[in-house]
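Dear colleague,

I am handing over the structure below, and I would ask you to keep it open while you read the notes that follow it. They take up the helices and strands, then the aromatic rings, then the charged side chains.

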Amino acid sequence: MAKLVYTAITSLDGYVADEDGKFDWAAPDEEVHAFVNDLERPIGTYLYGRRLYDTMVVWETMPSGPDQLPVVRDYAEVWRSADKVVYSTTLANVSSARTRIERQFEPDAVRQIKASADRDVSVGGAHLAAQAIKAGLVDECHLFVTPVIVGGGTPALPDHVRVNLELLDERRFGNGVVHLHYRTKA
Ligand SMILES: NC(=O)c1ccc[n+]([C@@H]2O[C@H](COP(=O)([O-])OP(=O)(O)OC[C@H]3O[C@@H](n4cnc5c(N)ncnc54)[C@H](OP(=O)(O)O)[C@@H]3O)[C@@H](O)[C@H]2O)c1
């Protein structure tokens with residue numbers, strides 16, 4: 001069975017976007033970007049909340065000229081080669097290939113996607129991932145903890161849920177970001 005993986009770049013105090021909705025402080029440098037590219041290369045399907053999809057869809061049309069960084073060209077290929085499911089009650093149309101809209105989050109439907117997928121499945125952003133975590137569907141988490149405290153905003157992880165985790169790996173990057181890789185325990 002494919003794994004469901006939640007990946008988030010967070011502030012030290014656990015937010016993916018600050019109180020103004022900004023996340024410029026989360027932009028990966030080349031080293032982190034290359035690591036994320038390798039992490040996402042095996043992903044066959046992205047389950048996206050509409051807000052994260054809104055920010056990610058630029059990858060569909062990202063120019064691939066020689067003036068682009070190799071990590072940017074690489075990630076654009078990774079993104080375009082995966083299927084996407086966008087959860088939204090408001091989105092009328094999608095503007096990327098291999099993409100469909102779901103109007104509600106049904107845990108059983110996600111279980112079905114995991115059971116039938118031959119590549120791993122990713123879930124994000126935080127609001128959608130919270131529902132998957134609460135439903136016990138997330139198998140692994142990758143957190144990229146950024147050396148900044150933003151004081152509030154959109155939490156990376158939900159309240160009112162208890163999940164025991166096993167630390168599988170960690171890595172420290174030159175820019176002070178720390179990667180934490182966890183598996184959920186039964
Ligand atoms: N830290 C980073 O590196 C980073 C990177 C990119 C983006 N971000 C930011 O992180 C934030 C993530 O925000 P978020 O967690 O609130 O957004 P999200 O989970 O990506 O999207 C929330 C939206 O998904 C839809 N949705 C969620 N649950 C649903 C359900 N059960 N049924 C149907 N639709 C559902 C709704 O869309 P509708 O309103 O259309 O119904 C909802 O408003 C955004 O501000 C994003 O810009 C951070």
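Helices (H or I, at least four residues) and strands (E, at least two) are taken here as DSSP runs, numbered from the N terminus. This is a predicted model, in which local features need pLDDT of at least 70 and side-chain atom pairs count only at pLDDT 80 or more, while totals for chains, interfaces and linings use all residues. Residues are numbered from 1 along each chain as its sequence is written, and side-chain values use heavy atoms, with hydrogens and water left out.

Just after α5, Gly-136 takes a positive phi of about 75°. Within the helix, which covers residues 126–134, the buried residues are Ala-126, Leu-128, Ala-129, Ala-130, Ala-132 and Ile-133; buried means under 20% relative accessible area, exposed means over 50%, and partly exposed lies in between (1.4 Å probe, protein chains only). These buried residues of α5 pack against β1 (4–11), β2 (15–18), β3 (43–49), β4 (83–87), β6 (120–124) and β8 (153–155), where contact means heavy atoms within 4.5 Å.

Next come the aromatic rings. A search of the whole structure finds 8 aromatic pairs, a pair being rings of Phe, Tyr and Trp (its six-membered ring) whose centres lie within 6.5 Å, with planes under 30 degrees apart counted as stacked, over 60 as edge-to-face and the rest as tilted. One of the pairs is formed by Tyr-46 and Tyr-48, which are stacked at 5.2 Å centre to centre with 10° between the planes. Tyr-46 counts as buried at 1% relative accessibility, and Tyr-48 counts as buried at 3%. Trp-59 and Tyr-75 form an edge-to-face pair, 4.7 Å centre to centre and with 80° between the planes. That pair links distant parts of the chain, since Trp-59 lies in the loop between α2 (50–56) and α3 (70–80) and Tyr-75 in helix α3, 16 residues apart. Trp-59 is buried at 11% relative accessibility, and Tyr-75 is buried at 5%.

Tyr-46, Tyr-48, Tyr-53 and Trp-79 form one aromatic cluster. Lys-84 lies over the face of Trp-79, at 3.9 Å from the ring centre; a charge sits over a ring if NZ of Lys or CZ of Arg is within 6 Å of the ring centre and within 35 degrees of the ring normal.

The whole structure holds 11 salt bridges, each a side-chain nitrogen of Lys or Arg within 4 Å of a carboxyl oxygen of Asp or Glu. In one of them the side chains of Glu-140 and Lys-3 meet at 3.4 Å, N to O. Because Glu-140 lies in strand β7 (residues 140–146) and Lys-3 in the segment before β1, this pair ties together parts that are 137 residues apart in sequence. Glu-140 is buried, with a relative accessible area of 8%, whereas Lys-3 is partly exposed at 31%.

The side chains of Asp-74 and Arg-41 also meet in a salt bridge, at 2.9 Å, N to O. Asp-74 lies in helix α3 and Arg-41 in the loop between α1 and β3, so the pair ties together parts that are 33 residues apart in sequence. Asp-74 is partly exposed, with a relative accessible area of 23%, and Arg-41 is partly exposed as well, at 36%. Finally, salt bridges that share partners join Lys-3, Asp-120 and Glu-140 into one network.
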